[in-house]
Amino acid sequence: MKQMTAKEVETLLNEGKKLNIIDVREVDEVTGGKIPGAVNIPLGLVEFRMHELDKSNEYIVVCRSGGRSGRASQFLESYGFNVINMAGGMLTWKGKVE
């Protein structure tokens, strides 16, 4: 499983890169703030909503600490998606939130 740090993700966003970020935290967790542009798909719904994703895109998966996003990344990888887990999750995020 590929991984990226929160700082690396922040740097890419600051450089103006268009990133596809999936936040797998629960809805009530995301109301406290998420990475700008991230799409919220709670971990329990990833299996049912993966049809919304495009296998030709790369996705960065985020959660609170990196555990749930790791599980989601492994699951999506097993279905042929190109995913990167953001290690440390939102606990390590120092960038802007929306």
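For my notes, two strands count as paired if DSSP finds at least two bridges between them. I keep in mind that this is a predicted model.

**Sheet**

I started with the strands. Two bridges join β2 (residues 20-23) to β3, and these strands run parallel. Within that pairing I looked up I22, which stands opposite V39 in β3. Then I traced the whole sheet: it is open, has five strands with parallel pairing, and its order is β1-β5-β4-β2-β3. At the edges I find β1 (2-5) and β3 (39-40), each of which pairs on one side only.

**Helices on the sheet**

Next I checked what packs on the sheet. Helix α1 (residues 6-14) does, touching β1, β2, β4 (58-62) and β5 (82-87). The direction of α1 makes about 75° with that of β1. Helix α4 (residues 67-78) packs on the sheet too, where I see it touching β1, β4 and β5. For α4 I noted an angle of about 170° between its direction and that of β5.

**A closer look at α4**

Does the length of α4 agree with expectation, or disagree? I took 1.5 Å a residue, so the 12 residues should span 16 Å; the end C-alpha atoms are 17 Å apart, which agrees.

Which residues of α4 are buried? I listed R68, S69, G70, A72, S73 and L76. These buried residues pack against α2 (27-30), α3 (46-49), β4 and β5. After α4 comes G80, and I noted that its phi is positive, near 90°.

**V83**

I picked V83 in strand β5. Is V83 buried or exposed? Its relative accessibility is 1%, and buried means under 20%, so V83 counts as buried. I then looked for its contacts, leaving aside neighbours within four places in sequence, and got K2, Y59, V61, S73, L76 and E77. V83 and V61 are 22 residues apart along the chain, yet I get 6.9 Å between their C-alpha atoms.

**Rings**

I looked for aromatic pairs and found one in the structure. It is F75 with Y79: the ring centres are 5.0 Å apart and the planes are at 50°, so I put the pair down as tilted. I checked accessibility for both partners. F75 has 25% relative accessibility, so it counts as partly exposed. Y79, at 39%, also counts as partly exposed.

Last entry: where does the charged end of K55 sit? I find it over the ring of F81, 5.3 Å from the ring centre.

Conventions:
Residues are numbered from 1 along each chain as its sequence is written. This is a predicted model: local features need pLDDT of at least 70, side-chain atom pairs count only at pLDDT 80 or more; totals for chains, interfaces and linings use all residues. Side-chain values use heavy atoms; hydrogens and water are left out. Helices (H or I, at least four residues) and strands (E, at least two) are DSSP runs, numbered from the N terminus. Contact means heavy atoms within 4.5 Å. Axes are lines fitted to C-alpha atoms, for helices over the stretch in contact, and angles run from 0 to 180 degrees between N-to-C directions. The expected span of a helix is 1.5 Å times one less than its number of residues. Buried means under 20% relative accessible area, exposed over 50%, partly exposed in between (1.4 Å probe, protein chains only). Rings of Phe, Tyr and Trp (its six-membered ring) pair if their centres lie within 6.5 Å; planes under 30 degrees apart count as stacked, over 60 as edge-to-face and the rest as tilted. A charge sits over a ring if NZ of Lys or CZ of Arg is within 6 Å of the ring centre and within 35 degrees of the ring normal.
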